[in-house]
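Trainee: Could we go through this model together? I'd like to begin with the sheet and then move on to the ligand.
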Amino acid sequence: MTELRRPEPLDTRRHDRAAFDSGEPVLDEWIRRYAGQNRRRHTAATWVIADAEDRIVAYASMSITAIDRSAAPEEVVKGAPDPVPALLIGRLAVDRSGLGVGTALLGHLLATALELNLSAACRAVVVTALTPAARGWWERFGFRPLDGEDGLDLYLLTHDIEVTLRNI
Ligand SMILES: CC(C)(COP(=O)(O)OP(=O)(O)OC[C@H]1O[C@@H](n2cnc3c(N)ncnc32)[C@H](O)[C@@H]1OP(=O)(O)O)[C@@H](O)C(=O)NCCC(=O)NCCS
């Protein structure tokens with residue numbers, strides 16, 4: 001694999017998105033068509049890992065969100081307001097050529113969550129797994145279902161991020 005850059009914000013003028021292929025067309029279309037407008041509208045920030053030629057090999061988006069107290073486990077809601085402040089990982093995808101980069105990108109997102117938490121607190125990081133199979137990948141890092149065993153909506157308490165970061 002060619003040399004990869006550290007995670008950086010998507011620059012739609014510089015980064016090459018044309019050939020990005022994660023195997024999930026909906027995620028490939030999002031980085032090409034919607035990531036730029038979400039940034040301009042302040043609804044999602046996209047981070048990318050690119051190679052030396054600025055081709056994107058992995059991306060993820062983050063936004064501020066909130067968790068409905070009525071649908072969350074006790075450890076999420078205890079002592080928290082309604083809704084519970086949280087950080088959303090909206091999308092995460094790795095190009096088929098860059099497999100292995102997903103963990104590094106998630107590590108960056110979780111470190112960013114810890115930093116953000118100091119200036120605007122978030123109780124947890126949440127994500128909706130694309131499929132039941134993808135849920136297994138998130139569970140490797142300590143994410144748990146928000147709403148019962150089989151749900152695809154997952155969370156990781158901010159309190160537990162440091163443990164996850166030590167293990168990846
Ligand atoms: C899921 C995805 C992000 C993983 O990216 P990646 O770069 O291959 O991830 P990593 O290399 O960091 O992690 C791979 C490890 O996770 C494991 N893994 C992969 N899929 C898994 C799953 N569904 N359940 C459990 N473990 C899984 C691999 O066996 C590998 O284990 P190893 O490190 O012990 O060899 C990537 O395959 C992808 O973009 N898929 C399509 C889009 C998608 O599903 N995105 C998830 C959004 S919800």
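Mentor: One definition first: two strands count as paired if DSSP finds at least two bridges between them. Keep in mind, too, that this is a predicted model.

Trainee: OK, in what order do the strands of the sheet come?

Mentor: The sheet is open and has 7 strands in the order S1-S2-S3-S4-S5-S7-S6, with mixed pairing. Its edges are strand S1 (8-9) and strand S6 (144-145), each of which pairs on one side only.

Trainee: And S4 with S5, parallel or antiparallel?

Mentor: S4 and strand S5, residues 124-128, run parallel and are joined by 4 bridges; within S5, Val125 is the bridge partner of Leu87.

Trainee: What does helix H1 lie across?

Mentor: Helix H1 (residues 25-40) lies across strand S2 (45-50), strand S3 (56-67) and S4, and its direction makes an angle of about 55 degrees with S3.

Trainee: Which residues have the most contacts inside the largest nonpolar core?

Mentor: That core has 40 residues, and the ones with the most contacts inside it are Ala58, Tyr59, Ala86, Ala124, Val125, Val126 and Tyr155. Two or more core residues come from each of H1, S2, S3, S4, H3, S5 and strand S7 (153-157). Leaving aside residues up to four places away in sequence, Tyr155 touches several residues, including Val76, Phe143 and Leu146.

Trainee: Switching to the ligand, which residues come nearest?

Mentor: Of the 19 residues around the ligand, the nearest are Val94, Gly102, Thr103, Leu130 and Gly136. The shell divides into 11 nonpolar, 6 polar and 2 charged residues.

Trainee: Which element gives the largest share of that shell?

Mentor: H4 does, with 4 residues, while strand S4 (84-94), helix H3 (102-119) and helix H4 (132-139) each supply at least two.

Terms used
Residues are numbered from 1 along each chain as its sequence is written. This is a predicted model: local features need pLDDT of at least 70, side-chain atom pairs count only at pLDDT 80 or more; totals for chains, interfaces and linings use all residues. A residue is near a molecule or strand if its C-beta atom, placed from the backbone, lies within 6 Å of it. Ala, Val, Leu, Ile, Met, Phe, Trp, Tyr, Cys and Pro count as nonpolar, Asp, Glu, Lys and Arg as charged, and the others, Gly among them, as polar. Two residues are in contact if their C-beta atoms, placed from the backbone, lie within 7 Å. Axes are lines fitted to C-alpha atoms, for helices over the stretch in contact, and angles run from 0 to 180 degrees between N-to-C directions. A nonpolar core is a set of buried Ala, Val, Leu, Ile, Met, Phe, Trp, Tyr and Cys residues joined through C-beta atoms within 7 Å. A residue is buried if 20 or more other C-beta atoms lie within 10 Å of its own, exposed if 12 or fewer, and partly exposed in between; C-beta atoms are placed from the backbone.
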